[in-house]
Amino acid sequence: AGSGGDFHTVAFASLGTTQRYVTAVDVTNTTASTSTPQALWANDWTDPDFNGSDFSPSVALVKTSGTPGYRHMVVMSSGLSSLDGDEYIYTIDALSGTLINKIKLNTGGYAAQATGFGSYVNLVDADQDGLVDRAYATDTSGRIWKVDLTTNAKCMIASLGESVYAGMAVIEAPGSSTAAPKVQLYVGGGSNPDGTGTVASTY
């Protein structure tokens with residue numbers, strides 16, 4: 001939805017690891033004979049620690065504190081690098097392309113022991129109220145990170161002990177009168193598809 005309450009159809013794209021930007025194009029009125037796609041943002045988004053990504057941005061209506069209690073966001077990881085380094089999750093205002101939060105994951109004793117993220121960020125409505133409230137991402141070392149998008153709290157919830165270069169699948173199991181909903185993550189390990197990684201005997 002636009003700032004005035006009108007609805008827009010927008011395409012968001014990451015421009016790869018050479019052009020380290022995320023762009024947004026408004027394609028709402030492309031069927032009209034005089035209309036063409038328009039850039040939604042004044043400038044493409046980037047950050048000094050953003051390595052670029054070949055994966056599409058994740059976009060959702062995200063739960064926030066305060067009024068009105070939600071916001072359209074683009075969520076990106078810091079992407080893939082050739083060297084071990086710090087890892088970040090970015091939240092970006094989907095309407096303006098401005099940074100909302102830059103969340104460093106490898107803090108509190110977690111070393112920068114991965115080359116980043118070889119996959120997309122998974123967005124989840126954990127409490128099933130219609131608004132996304134969590135982000136999950138797995139890095140190349142097989143560490144799975146969770147970010148609470150309403151508070152920016154983050155933690156590592158698992159370490160698989162093998163490399164991961166593929167996206168996760170997510171199932172939100174419904175709750176009951178005695179149990180809260182559950183988030184189930186399905187992850188596949190594997191070596192770097194560019195052939196530079198060490199191939200293990202099993203994954």
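Predicted model: local features only at pLDDT ≥ 70, side-chain atom pairs only at ≥ 80, totals over all residues.
Biologist: Okay, V62 then. Why is V62 called buried?

Modeller: Buried means under 20% relative accessible area, exposed means over 50%, and partly exposed is in between (1.4 Å probe, protein chains only). V62 has 0%, so it counts as buried. You'll find V62 in strand β4, residues 58-63.

Biologist: Which residues does V62 touch?

Modeller: Contact means heavy atoms within 4.5 Å. Not counting residues up to four places away in sequence, V62 touches G69, Y70, R71, M73, V132 and L149.

Biologist: And what about T115, buried or exposed?

Modeller: Its relative accessible area is 15%, so T115 is buried. T115 is in the loop between β7 and β8. Leaving aside neighbours within four places in sequence, its contacts include G79, L80, T140 and Y165.

Biologist: Now the rings. What makes Y110 and W145 an edge-to-face pair?

Modeller: Rings of Phe, Tyr and Trp (its six-membered ring) pair if their centres lie within 6.5 Å; planes under 30 degrees apart are stacked, over 60 edge-to-face, and the rest tilted. The Y110 and W145 centres are 5.4 Å apart and the planes are at 85°, so this pair is edge-to-face. Y110 lies in the loop between β7 and β8 and W145 in strand β10 (residues 143-148), so the pair ties together parts that are 35 residues apart in sequence. W145 is buried at 1%, while Y110 is partly exposed at 32%.

Biologist: How many aromatic pairs does the structure hold?

Modeller: There are 7. One of them is F55 with Y120, edge-to-face at 6.3 Å centre to centre and 65° between the planes. There's also one aromatic cluster made of W45, F50, Y88 and Y90.

Biologist: How do you know that the charged end of K102 sits over the ring of Y88?

Modeller: The rule wants NZ of Lys or CZ of Arg within 6 Å of the ring centre and within 35 degrees of the ring normal. For K102 the distance to the centre of the Y88 ring is 4.7 Å, and the charged end does count as sitting over that ring.

Biologist: Let's do strands. How do you know that β8 and β9 pair?

Modeller: Strands (E, at least two residues) and helices (H or I, at least four) are DSSP runs, numbered from the N terminus. Two strands pair if DSSP finds at least two bridges between them. β8 and β9 have 3 bridges and run antiparallel, with L123 facing its bridge partner A135 in β9.

Biologist: What joins β9 to β10?

Modeller: 5 bridges, again antiparallel. The two strands form a hairpin with 4 residues between them, and G142 in the turn has a positive phi of about 85°.

Biologist: Why is β9 called largely enclosed?

Modeller: Of its 5 residues (134-138), 4 are buried, so the rest of the structure largely encloses β9.

Biologist: Last one: what makes β1 and β3 edge strands?

Modeller: They belong to an open sheet of 3 strands, in the order β1-β2-β3 with antiparallel pairing. β1 (10-14) and β3 (38-39) each pair on one side only.

Key
Residues numbered from 1 in each chain as written. Heavy atoms only, no water.
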